[in-house]
Amino acid sequence: MHLPTPYPLARPRRLRRDPFTRDLVREHHLTASDLIYPVFVLDGHHRREAVGSMPGVERLSLDLLLPVAEDCVKLGIPVMALFPVIDQSLKTSDGQEALNPDGLVPRVVRELKKQFPQLGVMTDVALDPFTSHGQDGVLDEHNYILNDPTVEILVQQALTQAEAGVDMVAPSDMMDGRIGAIRRALEAKGLVHTRIMAYSAKYASAFYGPFRDAVGSAANLGKADKKVYQMDPGNSDEALREVALDIAEGADMVMVKPGMPYLDIVRRVKDEFHVPTFAYQVSGEYAMLKAAAQNGWLDHDAVMMESLLAFKRAGADGVLTYFARDAARLLRA
Ligand SMILES: NCc1[nH]cc(CCC(=O)O)c1CC(=O)O
Ligand SMILES: [Mg+2]
């Protein structure tokens, strides 16, 4: 960087003088095409349940989700991410309902792709909505989450989703080697178009609390945590090693999660690998901003847009956010 011209020859405020100049020199922009909209889907008909800790977010049955998908198309949001809320009676220690080709997720995928072929659909590859203990994998007798047996199940889950026609599978479990195993299995079945969005750097974060309420895994998880597979919040170099492995194993896109407290990781990943890089503005981040806005302590729309722009500035190509529809609506206005 060259030395700046000294004041008064340089007056940086000249470029902030009026809206047209600020528009002209702005380096980063948010558009609707940067957004991925996560939704919670339930079995049944005409079901709509509010998520208490996530104002404005609802669990919806498929019939009520279809108008939401249509809204995403209208708003120019390219992708919807599905998170299932599975009935307690279907949860088992090995999460086998995740492999049911007629289960909730495959049924929703088939219908969404039939009705809105132009809307990208992404599904989560992870067992936590399906397990009786709320962990993302199967346990040994000491309640340690086993890697390789879990990966075998995740491969079958990803195949089930891909065969239902999903566009992108997104493994969010943090087992080692799952990207490669899923990629090989997809290729072996001729499913060469299925994109893999790898949650490569996913931290063991306290910001996931409201999500675990939303999918109903919080009660099952109890006091347990996910620190033996999700990353330690103190680590940064390790995120680069995780991303390197997932790219080598066949990931098309990588994800950093959570978002706002981890923008340094987004920047390092983008600078190091130059691959499509995404960030997840998770449930706890959404809840914080919503709660403050509801109290009148923050300006809702202003902090929403500023938080999303910050992801772009940090190097993210897109953001998975519960604000996606609100933001897209504002961008269109
Ligand atoms: N497979 C688990 C999963 N997938 C998405 C989220 C959290 C997303 C959010 O907080 O919005 C989690 C939570 C967890 O790891 O317990
Ligand atoms: Mg990994």
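Modeller: Strands β1 and β3 (residues 58–61) pair in the parallel sense through 3 bridges. The account that follows describes a predicted model. Within this pairing, F40 has R59 of β3 as its bridge partner. Strand β3 is also joined to strand β2 (residues 48–50), here in the antiparallel sense and again over 3 bridges. In that pairing A50 stands opposite E58 of β3.

Returning to β1, which comprises residues 35–42, one finds 6 bridges that join it to β4, and the two strands run parallel. One position in this pairing is V41, whose bridge partner in β4 is P84. Strand β4 is joined in turn to β5 (residues 120–125) by 4 bridges, and these two strands also run parallel. Here A81 has M122 of β5 as its bridge partner.

How many of the 6 residues of strand β4 are buried? The count is 6 of the 6 residues, spanning 79–84, and the strand is therefore largely enclosed by the rest of the structure. In a regular strand, side chains alternate between the two faces of the sheet. In β4, V79, A81 and F83 point one way, while M80, L82 and P84 point the other way, and all of them are buried.

A69 is part of helix α2, which covers residues 62–75. Its relative accessibility is 0%, so A69 counts as buried, the cut-off being under 20%. Although A69 and L112 are separated by 43 residues in sequence, their C-alpha atoms are 7.6 Å apart in space.

Strand β6 (residues 168–171) runs parallel to β7 and is joined to it by 2 bridges. M168 stands opposite R195 of β7. From β6 to β7 the chain crosses through helix α5 (residues 178–188), and this β-α-β crossover is right-handed. Strand β7 (residues 195–202) has 7 of its 8 residues buried, and it is therefore largely enclosed by the rest of the structure. Strand β7 also runs parallel to β8 (residues 253–257), to which 5 bridges join it. M197 stands opposite M253 of β8 in this pairing.

Most residues other than glycine have a negative phi, and most peptide bonds are trans. The peptide bond from K257 to P258 is cis, with omega near -5 degrees, and P258 lies in the loop between β8 and α9. A cis peptide bond also joins Y7 and P8, with omega about 10 degrees; P8 is placed in the segment before α1. M174, in the loop between β6 and α5, has a positive phi, near 70 degrees. With a relative accessibility of 4%, M174 counts as buried. N143, in the loop between β5 and α4, has a phi near 65 degrees, which is also positive. At 54% relative accessibility, however, N143 counts as exposed.

A polar side-chain atom of R212 is 2.6 Å from an oxygen atom of the ligand. The side chain of S172 has an N or O atom 2.9 Å from a nitrogen atom of ligand 1, and that of Y280 has an N or O atom 3.4 Å from an oxygen atom of ligand 1. Taken alone, ligand 1 exposes 400 Å², of which the protein buries 100%.

Finally, one annotation comes from a record. An unreviewed UniProt entry places the feature "binding site" at E242. This residue is in helix α8, which covers residues 237–248. E242 has a relative accessible area of 16% and is buried.

Definitions and conventions
Residues numbered from 1 in each chain as written. Chains lettered and ligands numbered in written order. Predicted model: local features only at pLDDT ≥ 70, side-chain atom pairs only at ≥ 80, totals over all residues. Heavy atoms only, no water. Buried < 20%, exposed > 50% of the residue type's maximum accessible area, 1.4 Å probe, protein only. Pairing = 2+ DSSP bridges. Polar contact = N/O pair within 3.5 Å; in protein donor to acceptor, adjacent residues only side chain to side chain. Areas by Shrake-Rupley, 256 points an atom, 1.4 Å probe, with all protein chains shown as cover. UniProt positions renumbered as here; feature names shortened; annotations may be inferred. Right-handed = clockwise from strand over helix to strand, strands pointing away.
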